[in-house]
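Please look over the sequence and the model before reading on.

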Amino acid sequence: QVQLVESGGGLVQPGGSLRLSCAASGSIFRINAMGWYRQAPGKQRELVATITSGGSTNAADSVKGRFTISRDNAKNTVYLQMNTLKPEDTAVYYCSANISSGTFAYTRNYWGQGTQITVSS
């Protein structure tokens, strides 16, 4: 079994910073792309940022220049550094990873349990 475990959420004031981590564990053969998504109340889940196994990144326009995605392949971990946070960044943040696992290296997308980020004064 493969698990993604997130950490680092919480309450922060506007303009503040937070760093999210997401560690993958289990019978992992290879981790391909990893990413962060978020879902605000009453809205659909949306892409925040992604990173390939080679380190190429992509981010939503709404977070470019403020959020940075990175990964540590040795630790099977993806990070999201969030700076200059705004109230509209309030949402549940989910990590996702495309992972090949098990005896036959079956590949599928996995999701973390989600972590709440609240930006409020």
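## Basis

The structure is a predicted model.

## The nonpolar core

The largest nonpolar core has 31 residues, and W36, L80, M82 and Y93 are the members that touch the most others. Two or more residues come from each of strand 1 (2-7), strand 3 (18-26), strand 4 (28-39), strand 5 (46-51), strand 7 (67-72), strand 8 (77-82), strand 9 (91-101) and strand 11 (115-119). Strand 9 gives the most, with five residues. In soluble globular proteins, nonpolar side chains tend to be buried together.

Which residues does Y93 contact, leaving aside its neighbours within four places in sequence? The contacts of Y93 are E6, L20, Y37, R38, V48, F67, L80, M82, G114, T115 and I117. Of these, L80 and M82 are also among the core members with the most contacts to other members.

## Salt bridges around R38

There are four salt bridges in the structure. Side chains of opposite charge can pair when their charged atoms come close. One of the salt bridges joins the side chains of R38 and E46, at 2.7 Å from N to O. R38 has a relative accessibility of 6%, so R38 counts as buried. E46 counts as partly exposed because its relative accessibility is 35%.

R38 also forms a salt bridge with D89, where the distance from N to O is 3.0 Å. R38 belongs to strand 4 and D89 to the loop between strand 8 and strand 9, so the pair ties together parts that lie 51 residues apart in sequence. Both partners, R38 and D89, are buried.

## Another pair, and a network

The side chains of D61 and K64 form a salt bridge as well, at 3.3 Å from N to O. D61 is exposed because its relative accessible area is 65%. K64, at 48%, is partly exposed. Elsewhere, R38, E46, R66 and D89 belong to one network, joined by salt bridges that share partners.

## V12 in strand 2

Strand 2 spans residues 10-12 and includes V12. Is V12 buried or exposed? The relative accessibility of V12 is 12%, so V12 counts as buried.

Leaving aside neighbours within four places in sequence, V12 is in contact with S17, L18, L85, T118, V119 and S120. V12 and E88 are 76 residues apart in sequence, and their C-alpha atoms are 12 Å apart in space.

Methods:
Residues are numbered from 1 along each chain as its sequence is written. This is a predicted model: local features need pLDDT of at least 70, side-chain atom pairs count only at pLDDT 80 or more; totals for chains, interfaces and linings use all residues. Side-chain values use heavy atoms; hydrogens and water are left out. A nonpolar core is a set of buried Ala, Val, Leu, Ile, Met, Phe, Trp, Tyr and Cys residues joined through side-chain atoms within 4.5 Å. Buried means under 20% relative accessible area, exposed over 50%, partly exposed in between (1.4 Å probe, protein chains only). Helices (H or I, at least four residues) and strands (E, at least two) are DSSP runs, numbered from the N terminus. Contact means heavy atoms within 4.5 Å.
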